[in-house]
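Here is a briefing on one protein model.

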Amino acid sequence: MQAWQVHELGEPGEVMRLAEVARPTPGDGQVLLKVRAANINFPDALMCRGQYQVRPPLPFTPGVEICGETEDGRRVIANPALPFGGFAEYAVTDAAALLPAPDALDDAEAAALHIGYQTGWFGLHRRAGLEAGETLLVHAAAGGVGSAAVQLGKAAGATVIGVVGGAAKASVARELGCDVVIDRREQDVVAAVKEATGGRGADVIYDPVGGQAYAQSAKVVAFEGRIVVVGFASGTVPSPALNHALVKNYAVLGLHWGLYNTKNPKLVQHCHEQLTALVARGAIKPLVSERVPLAGAADAVQRVADGVTTGRVAVLPSLENGAAA
């Protein structure tokens, strides 16, 4: 089969190599899946760089989120068991963690329903307790993680403010349903949020960016607000001033979704049921901005790493070269 492999660490576009390799052999409790679509996540780029908390042995195949097909023809959503990741024609995954792919979604959309939406659901509901009528601020609102949070926030009845970088991403954020869109390249984020909320600030802030975005969050979080720390796409890990959290009476909540797979896997199943119900009633639908063939995976991972994409980019092994849409 064909699979992308990383033999040395570095930028995805430089270290990912497409090769002809043997199909992986499932271990105890594992199954082999035919990859129908593999969604690109920022952690794929971090793993190529050796900067992610999970460091598979070299060589490894990136790709942590797929829609696959079982031997009996079922469409499922899964997280491949590294080092046999999803940017390949076949991947290995734990049999106990398979989730049914919703019929209402195509392969690329189904692949994109998992990590970003699970993270959003756990962050907004399990950790922050978002309530209808509250104001939710989402950083990087047009990206893969942010777009999921925007849709989930709207589905929960919140007023959603989206922060983006650039006019094209602002347009995407509006299409996603943001009530207010702030272009950080053209506007003062802090002033714009205060104006939009009448000086009150945001009740829940969803931050996959870190760095300056976190500093802005601390300035605009409302009384009894909650800042959900999801990741550090900016490359800068902030150091929160806890005296500030005390004085303004807000909470800083960390979210590592992957821990639920081992600490409380039943919650992951419950979350998938909630997400499937939201899909069925049309409340959420993953934004897949690009579908690229397997040969285009390295370039696509690099573009996600560079922050120039919107929504999700999916790799479809069945697509012919040059057939990206």
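Cysteine 178 counts as buried, at 9% relative accessibility; buried means under 20% relative accessible area, exposed over 50% and partly exposed in between, with a 1.4 Å probe and protein chains only. This is a predicted model: local features need pLDDT of at least 70, side-chain atom pairs count only at pLDDT 80 or more, and totals for chains, interfaces and linings use all residues. Residues are numbered from 1 along each chain as its sequence is written, and side-chain values use heavy atoms, leaving out hydrogens and water.

**Cysteines**

- Cysteine 67 is buried too, at 0% relative accessibility.
- The closest cysteine sulfur to that of cysteine 67 belongs to cysteine 271, 17 Å away and too far for a bond.
- The structure holds zero disulfides, a disulfide being a pair of cysteine sulfur atoms within 2.5 Å.

**The six-stranded sheet**

- Six strands form an open parallel sheet, ordered E10-E9-E8-E11-E12-E13. Strands (E, at least two residues) and helices (H or I, at least four) are DSSP runs numbered from the N terminus. Two strands pair if DSSP finds at least two bridges between them.
- Strand E10 (180–183) and strand E13 (251–254) stand at the edges, each with a single partner strand, so one side of each has no neighbour in the sheet.
- On average, neighbouring strands are turned by 20° against each other, direction ignored. Axes are lines fitted to C-alpha atoms, for helices over the stretch in contact; angles run from 0 to 180 degrees between N-to-C directions.
- Strand E9 (residues 159–164) is joined to E10 by four bridges, and the two run parallel.
- Valine 164 has aspartate 183 in E10 as its bridge partner.
- Helix H5 packs on the sheet and touches E8, E9 and strand E11 (202–207). The direction of H5 makes about 170° with that of E8.
- H6 lies across E9 and E10, at about 165° to E10.

**A buried lysine**

- Lysine 169 lies in helix H6 (residues 167–176).
- Lysine 169 is buried yet has no salt bridge, meaning a side-chain nitrogen of Lys or Arg within 4 Å of a carboxyl oxygen of Asp or Glu.
- The nearest side chain of opposite charge to lysine 169 is aspartate 183, 9.6 Å away. Lys and Arg count as positive, Asp and Glu as negative; His and the chain ends are not counted.
- Beyond its neighbours within four places in sequence, lysine 169 is in contact (heavy atoms within 4.5 Å) with Ala142, Val164, Gly307, Val308, Thr309 and Thr310.

**Helix H12**

- Helix H12 (residues 297–305) is mostly covered, with seven of its nine residues buried.
- The buried residues include Ala297, Val301 and Val304.
- Their cover includes strand E1 (2–6), helix H1 (12–15), strand E2 (16–20), H2, strand E14 (288–293) and strand E15 (312–316).
- Glycine 307 follows H12 and has a positive phi, near 75°.

**Backbone exceptions**

- Most residues other than glycine have a negative phi, and most peptide bonds are trans.
- The leucine 58 to proline 59 bond is cis, with omega near -10°. Proline 59 sits in the loop between helix H2 (42–49) and strand E4 (66–69).
- The leucine 82 to proline 83 bond is also cis, with omega near 20°. Proline 83 is in the loop between strand E5 (75–78) and strand E6 (90–94).
- Alanine 140 has a positive phi, near 55°, and is partly exposed at 33% relative accessible area. Alanine 140 lies in the loop between strand E8 (135–139) and helix H5 (144–155).
- Glutamate 224, in strand E12 (residues 221–229), has a positive phi of about 60°.
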